[in-house]
Structure formats: C-alpha cells, structure tokens
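Let us ask what stands behind each one.

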Amino acid sequence: MVSSDGYEMTDRQRAFLDTIENGRHEREIINGLRPFFDNSVPDDMKGFYSSQELDILKSLRGTDRDVEARMPVKVTRHYYELARQSKSLQRLVKASPDETLNLVGSEDPGHQMDFSPVEGLLHKYEMGLLYTISTCSSHCRFCYREELIARKDIVRQDGTVAKKGLAKIKDVVGYIRSHNKQVQDNGGLHPTTGRRKLREILLSGGDAMMLSNQKIGEWLSALAEADVEAIRMGTKEMAFYPKRFDASFLAMLDSFHLTYPDVNLRLMVHFNHPDEFLQKSPDGEYLTNPNGSLKWHEDTQRAMDGVVQRGWMHVENQAPIIKGINDDADALRILQQSLYHRGINNHYYFCGRDIVAYQAFNVPIETAWSLLNESQKGLSGVEAHARLSITHYKGKTEVVAVTNKPIPGVKHAENGVLIFKNLRNALDAPDRGKTCIVGRNPEATWFNDYEDRIICDEVGLFDYKRVDNKIISGDGHSLNVVQPSDCR
Ligand code: SF4
C-alpha cells in the first residue's frame, strides 16, 4: 500500500493503521473577524468584541496595520467559554490594534529555514521538527509561527521567496534514513555536517492534533519504521478543545504502543495560564477540591488523565511568558503547581521571540526571569523544575541569573549582570554549558538590546553568523560555525 504522497508502507504499518478509527469533533470554530463585523456570530458571542474595538479593527482592514494579515483570528467554542471569564485568555485570542503599531521583527525567527534540508522539516540538534499542518483550532495572537499560519512569503537564504511548505512523509522519511545511514556508516557522526543520529522528531505545525487520527497514525508509524526513537507531539489542543483527546485518539495511541513498544511518545502541551483549565466561580475565584487542590475543568481533566494514565507517554508543559497574558507570578505559580498535581511536568518557560510585532507581546527578559523566580517561591522542588529559556539563533539559551548589585571594577556591571547559558546548539552541542555575561538592561526584550554591554561572551551569542544552508542539506564540506570571542 502506498500513502497519498507516494510513501510505501510496511505490512506492520498497514496492520496498525487498520486499527485506527477517526473521532467526530465539533469544535464550533469562529474563523476570522468577519463574523464579528457582520454580527453573524451566535448571539452569546456578540459582546466578545466591543463595538468600539470592532470599529477600530475594521478601519485597519486592507492597510499595513491590518491585524488579520499579520495573524488570522480563530477561536473554538470551548476556548471562548473559558475566555469569557478571563481577561488573560481574551488577550490570547482577541485581535487588538496594538499588535500592528510596531511591525519590527523577523518573518523567519531564528533563521529557521537555514536548518531545513527538505520542505517542512527543520533539522536542529539531534531532533527534527515537522510542519504537519498550518493551522490550530484557535490562534494565539503571539504565535511565533505566524508566518506559517498566515501563509506569508519568506525569503530563503539563497534569495528565493516562497511560503513555508508542509512536510511530506516520503521526503521526511527519505531524509531521516539517508542521514542516519551516513551517521552509522561514519561511526556515529555525519561525515559532512558532524551531526549525530536524528533520533527524535517533533510533530508540530500549526497543531498536529488538527489532523485526523489516521493521518497522525501515518506519521507516527512512518517515523517508527524509520527507526526514530522518540516522537513528540506539540499541541495546544488540550487548552483549545480537550475533547479531541477522546477514546478514539487514546485507542490509536494504545495500538501504536502495542505495535512499536520501543518508540517513546512525548506530548508537549502548551498552557499559558491556569484559567485555561481550572474551574472558576461566577465571581472569578478558582474552585477547590475537598483537599484544597484546585478543580480542573471536567473535559480537560478527563482528557489529561487519559493521556497521563498511559505511563509510557511523557507529558510536559512549555509556554512563553507574554505581556498581558501570564506576566503574573501568582498565575505562573498556580499553573506550575496545578499542572504537576495532575502529572504534567513543567519544562520551559520562554521569553518571546523576535517575531514580527514582538514589541506588543514580549515581556522584558529580566522581568520574565523575576516573574518565574517569584512564581517558584512556595513551590516544592519537583513542581519548580521549569527553566527560563530564550531561543537564540545559536540554539536554546537559558536565562540563568540576574544580579542586582554592582560588580566593582567591571565595566557594564554598574547595575548588576545577566547570565545566559547555552543549552543546545542548532547544529550539535559543542557549546553546552558555556555562558555569556552582559550588563543589565531592564528594558531589553531581545539580544540586540544587550549589544552595547557585553562583559564576557564565551559562547559567542553576539558573534553569530548564519549557518550555510548547503551544510545542512549535506551539500557542503565543512561546518561554517563562528568561533566565540574572548571575554572582554
Ligand atoms: S497553538 Fe502554537 S502554533 Fe498554534 S497559534 Fe498558538 S502558538 Fe501558534
């Protein structure tokens, strides 16, 4: 049997796919601002935008400040119901004129396309990320995939201009097999790129949970047949439409685990705020269980329990800290505590990326660090595992510490310092653990705001040059990675 894109399946895969049933999902999505403009939304949704907000948004249509040209509006009935009682959730899904006041930012944050050897696949670290679909069931205004979701043209490193394409099973599996064979034949490192086995793949998008069970099953089994060791699914569907994690989806996971028991599945959920899953009283207080723990929304609890109870599946939360949504230490504390309570690990909190219009969303880096640390006061050690990360072009970078006192005799340290630590490099991990120390700038929302106060940059965050895309594609002959500078 051959899949729709020409990929030939094995007998084992076919047998697994034959077990899958697709569920029926009534997300009741409101797509775009038009239904709000022309008043065709259901009656109970009519006040979601005030008439003043609608007038302003309407006046921006077709101009260079058009909010929907930047990022399409979309919301499910479930999320709308939650947002009715939460200003933070409203800010997450409601378009606002502020978003297009300052359109500075990158259409390809992190030069991600430099790491794309075949369309729809980003090969970074020992991991591959797949664009499996270009939408989610609701859209976060701060999304750093807005260029994919809004189908924008991106300038590639070779000067060609094209929209980001979606991954195709045949191409992706072909690349993984070829890369991994060369790695194996060369004793563990790729002969030209020096990278290791591609052993973990992330199904991303958009949100892969928008695909049918059958399509998800096709991806999972094709990756398993290519000897991928771990598969992640990145999803915010647990917040937008938890009923998607229904019996048919869980049965598909069970069948997959039975067929491919050595492949580890990891669900990376995305909750920004506890209002996305906790029940509230009419006056806005969280409801409690008899033992004092906070009461989950019953649909979300059922969905999450279904996943967590499958002990062979890891569940982790990661989320950015965004202005007006979750830049609140109390909310972050409740979020981490309540997630861990139901078996979800707290992985990363992110500083916002340099997406187009990032000034509307990004919390200053030093503020995000303070908020996360403040939020972890009162949490137990296991609840407070999350770290603050900011994704540099060079790779994942932790914001390790911000000091308050001057360091006598050290230029730029008059108000204290901030320490970054490299966690991963996009190519490999030679710089893991290396640091960069800069003088403080409480207003800084991106690395360039520290350019004039570098104290010691052993990792080379401020000397970065783009990686030659030909290297990633395997056409080049040597790694073109810039050497870090000495400490100043
Ligand atoms: S769920 Fe993720 S990909 Fe989808 S809109 Fe939100 S941030 Fe973007």
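The questions below set values against definitions.

Q: What kind of model is this, and how are residues numbered?
A: This is a predicted model; local features need pLDDT of at least 70, side-chain atom pairs count only at pLDDT 80 or more, and totals for chains, interfaces and linings use all residues. Residues are numbered from 1 along each chain as its sequence is written.

Q: What makes a residue one of those around the ligand?
A: The C-beta atom, placed from the backbone, must lie within 6 Å of the molecule. The residues that qualify are Cys-136, His-139, Cys-140, Cys-143, Arg-145, Gly-206, Asp-207, Lys-236 and His-270.

Q: How does that shell divide by class?
A: It has 3 nonpolar, 3 polar and 3 charged residues. Ala, Val, Leu, Ile, Met, Phe, Trp, Tyr, Cys and Pro count as nonpolar; Asp, Glu, Lys and Arg count as charged; the others, Gly among them, are polar.

Q: Why are β13 and β14 called paired?
A: Pairing requires at least two bridges found by DSSP between two strands, and strands themselves are DSSP runs (E, at least two residues), numbered from the N terminus. Strand β13 (residues 395–402) and strand β14 (residues 417–422) share 5 bridges, so they pair, and they run antiparallel. Thr-397 has Asn-422 in β14 as its bridge partner.

Q: Which residue in β15 is the bridge partner of Val-417?
A: Gly-439 is that partner. β14 and strand β15 (residues 435–439) pair in the antiparallel sense, over 5 bridges.

Q: How do you know that the length of α13 agrees with a helix?
A: The expected span is 1.5 Å times one less than the number of residues. Helices are DSSP runs (H or I, at least four residues). The 13 residues of α13 (residues 329–341) should span 18 Å, and the end C-alpha atoms are 18 Å apart, so the two agree. Just after α13, Gly-343 takes a positive phi of about 95°.

Q: What makes a residue of α13 buried?
A: Buried means 20 or more other C-beta atoms within 10 Å of its own (exposed is 12 or fewer, partly exposed in between), with C-beta atoms placed from the backbone. In α13, Leu-332, Arg-333, Leu-335, Gln-336, Gln-337, Ser-338 and Leu-339 are buried. Their cover includes β10 (313–320), β11 (345–350) and α14.

Q: What counts as contact between domain 1 and domain 3?
A: Two residues are in contact if their C-beta atoms, placed from the backbone, lie within 7 Å. Here 23 residues of domain 1 contact 24 residues of domain 3. α14 gives the largest share of the domain 1 side, 3 residues.
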